[in-house]
Each structure stands twice: as C-alpha cells, then as structure tokens.
Amino acid sequence: MDSSKNTFIQEARKQQIIEATITTLDDIGYVKASLAQIAKRASISTALISYHFVDRQDLINQSLQALIEQSTTFILTKTYTASDPVTQLANFIEASIAYQATHPKENAALLEIVFNARTEQDIPYYKLPDEEEDPLLKALCNILEDGKKQGTFSVRSVDVMAKVIQGAIGEYMLIGGPLAIAAEDYSLEVTNIIWTAMKVEGPKNA
C-alpha cells in the first residue's frame, strides 16, 4: 500500500476514535469512558484503539488537544474577518458564545476532561500551570492591547479585562446555554457591558 494512502487511513481512523471519545465523554462522563465504551461507539475493537494510542490517557490527551484546536479555529477565523480591534472584539465574543451554543457535545467533553483528568502525579488538569499559552486568551489580549494603544479601549489592565470577558463567555453554558437564553441575545448583552466598561462606541453593525 502507498505510504501516503496508509498515513491518510491511519489519520482518519485516529480522528474516528477521537470523535467517539468525545461522544462517550458527553454520554457517560469521564469516569465511565473506558476504552470498551469508546470502541463500542466507534464500532471497532479495543485492540485497534491500542494500536493508534499508547493508552487511555494518551487518547484523552489527544482528544483534549483536538477540542482546543477545533474551538480556536472556529473562533479566530470569525474574529479576524475584521481588522479593527472594536469589531474584532465583538466578533470574538459573538463567535465564542456561538461555538458553545452550536457545539454542546464538545463543550461537555472538554469540561469532563479538564475537571476529572489527572496527571501521573495525581494533579487535576484544571490545577496545572499553563505551560503553553492559551491561543484564545493570547488573541484576546492582543486585541485589547491594540485597542488600548489606539485609545479606543479605556482599560487599566488588559490581563484582568481578558479574564473578565472569558468569564462572561464561559458562564453561558453554566446558566443553561441556548435553552436559557439565545446565543445572539447573550452575546449582545455581554458585548454592551464590555463596551460600557471600556467606554467604547461599538461597531455600527453591532
């Protein structure tokens, strides 16, 4: 078999297993998400999972990375359709909340991993120091910094404001997501609050 074709098939199989892992985490949670349960949802054998991943922890870690990359791509692609920081920030907030509303399974899987997975040293993932900078937080800080330099955003601490915005975005699913309030309405209210806090005149199409 051609090596490139073989690599493509292997990558497709790994992606299938990761997607099944995400589904399993959403269905029955982290604790019960065994390789057998994942294999059942992927309609494959556990031996095939072991061929592509070192162990359950390796599979969980690669699934987490896939979830982070998916959300980052979705949000930043929409964010950077504009060049000015005001519209970029509005886009960032809207896209972040829209992602949560349209990807509930992925959000549930992400939370299951972050709040239940532990390292070999028994440290919960949510307590780990950020060895690699969060790409979304970095992008958000850059937007706020640009707006501050241009005199558009009145903000004393970019880091604090970024955390405030992320907190408001993350709260959406905790209050019930789209079942409680439409994503468009929630993002509009969050954006208006941020504009008020930073004394910003929002984009004309906001």
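Residues are termed buried under 20% relative accessible area, exposed over 50%, and partly exposed in between. The close-up views below are taken from a predicted model.

**View 1. Salt bridge between D27 and R41.** The side chains of D27 and R41 form a salt bridge, with an N to O distance of 3.1 Å. D27 belongs to helix α1 (residues 3–32) and R41 to helix α2 (residues 35–42), so the pair links parts that are 14 residues apart in sequence. D27 has a relative accessibility of 46% and therefore counts as partly exposed. R41, at 29% relative accessibility, is likewise classed as partly exposed.

**View 2. Salt bridge between R118 and D122.** Here the side chains of D122 and R118 meet at 3.6 Å, N to O. D122 is partly exposed because its relative accessibility is 49%. R118 has a relative accessible area of 40% and is also partly exposed.

View 3. Across residues 34–53, the chain is 75% helix and 0% strand.

**View 4. Surroundings of T79.** T79 is part of helix α4, which spans residues 56–79. With a relative accessibility of 0%, T79 counts as buried. Leaving aside residues up to four places away in sequence, T79 is in contact with Q88, N91, F92 and I143.

How values were computed: Residues are numbered from 1 along each chain as its sequence is written. This is a predicted model: local features need pLDDT of at least 70, side-chain atom pairs count only at pLDDT 80 or more; totals for chains, interfaces and linings use all residues. Side-chain values use heavy atoms; hydrogens and water are left out. Helices (H or I, at least four residues) and strands (E, at least two) are DSSP runs, numbered from the N terminus. Buried means under 20% relative accessible area, exposed over 50%, partly exposed in between (1.4 Å probe, protein chains only). Contact means heavy atoms within 4.5 Å. A salt bridge is a side-chain nitrogen of Lys or Arg within 4 Å of a carboxyl oxygen of Asp or Glu.
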